[in-house]
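Subject: Structure handover

Hi,

Here is the structure for you to look through. My notes follow below it.

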Amino acid sequence: MNPAAFTCLSVLTLACAIGVVLNRNVVNSAMCLLLCLAGIAGLFVQLHAYFLAFILVLVYAGAVVALFLFIIMLLDMQGGAPWRFRLVRALAGFAAAALLASGLGLLAARARLAAGAPAASAVGSSLKLYAYQLFTTYLLPVEVIGFLLLVAMVGVVVVSRKPEEGPE
Amino acid sequence: MTPSLEAYVLLSAALFAVGFLGVLVRRNTLVIYMCLELMLVAATLALVAFSRFNGTEDGDVFVFFILTVAAAEVAVGLAIIVALFRARGTVEVDRLDSLRH
C-alpha cells in the first residue's frame with residue numbers, strides 16, 4: 001500500500017465523483033463515473049482485493065456504464081437539457097450533503113478502528129479461499145442472489161415490453 | 001507509512017456524501033441513478049478496507065453480493081426509466097409530478 005498511490009487515486013476518485021454531480025452533459029457525467037470507478041478499482045488493488053477490482057471493472061465499467069450510455073443514446077439526451085440551477089434547492093442540497101459528510105467523518109475519526117497496520121497476509125487476494133467462503137459459509141446467499149438475478153431478468157423483460165401488446 | 005484505515009473510511013464517507021449531493025441537486029433521473037451507484041460503490045470501498053485491515057474476507061464476500069445486486073438493480077431501474085420515458089416523454093424529475101396534485 002503506497003501512500004502516494006493512495007493520494008493520487010483518492011484525488012482522482014473524488015474529483016471524478018464531483019464531476020458526475022456537476023457536469024451539465026449527461027454523457028460527460030457517465031464518463032466521469034467511468035473514471036471514478038477506475039479509481040475505486042485502483043484502490044481495491046491497493047487493498048489487495050484483486051478479484052474484486054477485476055469484477056468491479058468488468059461489471060461496472062463494462063456493463064453498467066455501457067448500459068447508461070446506451071440508454072442516454074436511446075433517450076437522445078446528449079447535449080440537451082441543461083440543468084436549471086435553483087439557489088434554494090442547491091443550498092439545501094449542499095447543506096444536507098455537508099451535514100452527512102461531517103457526521104460520517106466525525107464517526108470515522110472518533111471510532112476506535114483497528115490501529116495502524118493491516119493484517120500481514122492479504123486474505124482477499126487468495127481466490128481459492130474466497131471461493132471456499134462463497135460455497136461453504138455463504139452458500140445460501142449465493143443461491144438467493146442467483147434467484148434474484150433470474151427475477152430481475154424476467155422483470156426487465158416484462159417492464160420493457162411494448163405497452164400496446166398488453167397482457168393476454 | 002501505509003494509509004490508515006481512517007483514511008479509507010473518510011474517503012468512503014466523502015464519496016457517499018458526494019453521491020448524496022448529486023441525488024439532492026440533480027433533476028435528471030439518469031444522473032440521479034449514477035449518483036446512487038456512486039453511493040453503493042462508496043459503501044463497498046469501506047467494506048473492502050475493513051475486511052483488509054481486520055484480516056478477514058467476509059467484507060470481500062459482501063462486496064461480491066453488493067456488486068451483483070447493483071447490476072440487477074441497474075438493469076431493472078433503467079428499464080423502468082425507459083418505460084417512464086415512453087409513457088411521459090421526459091425523465092426530468094420536475095415534470096414527473098403526478099403524485100403531487
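This is a predicted model: local features need pLDDT of at least 70, side-chain atom pairs count only at pLDDT 80 or more; totals for chains, interfaces and linings use all residues.

In H2(B), the residues B:Thr29, B:Leu30, B:Tyr33, B:Glu37, B:Leu40, B:Thr44, B:Leu47, B:Val48 and B:Ser51 make contact with H3(B). On the H3(B) side, the partners are B:Asp58, B:Gly59, B:Asp60, B:Phe62, B:Val63, B:Ile66, B:Ala70, B:Glu73, B:Val74, B:Gly77, B:Leu78 and B:Ile81. By type, the residues of this contact are twelve nonpolar, five polar and four charged.

Now the geometry. Helix H2 of chain B covers residues 29-54. Its axis lies 9 Å from that of H3(B), and the packing angle is about 175 degrees. H2(B) is therefore roughly antiparallel to H3(B), as angles over 145 degrees count as such.

Next, the aromatics. Over all chains, the search gives nine aromatic pairs. One to look at is A:Phe51 with B:Phe64: the ring centres are 6.3 Å apart and the planes meet at 25 degrees, so the pair is stacked. The cut-off for stacking is under 30 degrees.

Where do A:Phe51 and B:Phe64 lie? A:Phe51 is in helix H3 of chain A (residues 50-75), and B:Phe64 is in helix H3 of chain B (residues 58-88), so the pair joins two chains. A:Phe51 is partly exposed, at 23% relative accessible area. B:Phe64 is also partly exposed, at 21%.

Both rings belong to a cluster linked by ring pairs. Its members are A:Phe51, A:Tyr130, A:Tyr138, B:Phe62, B:Phe64 and B:Phe65.

Best wishes

Key
Residues are numbered from 1 along each chain as its sequence is written. Chains are lettered from A and ligands numbered from 1 in the order in which they are written. Side-chain values use heavy atoms; hydrogens and water are left out. Rings of Phe, Tyr and Trp (its six-membered ring) pair if their centres lie within 6.5 Å; planes under 30 degrees apart count as stacked, over 60 as edge-to-face and the rest as tilted. Helices (H or I, at least four residues) and strands (E, at least two) are DSSP runs, numbered from the N terminus. Buried means under 20% relative accessible area, exposed over 50%, partly exposed in between (1.4 Å probe, protein chains only). Axes are lines fitted to C-alpha atoms, for helices over the stretch in contact, and angles run from 0 to 180 degrees between N-to-C directions. Angles under 35 degrees count as roughly parallel, over 145 as roughly antiparallel, 65 to 115 as roughly perpendicular and the rest as oblique. Contact means heavy atoms within 4.5 Å. Ala, Val, Leu, Ile, Met, Phe, Trp, Tyr, Cys and Pro count as nonpolar, Asp, Glu, Lys and Arg as charged, and the others, Gly among them, as polar.
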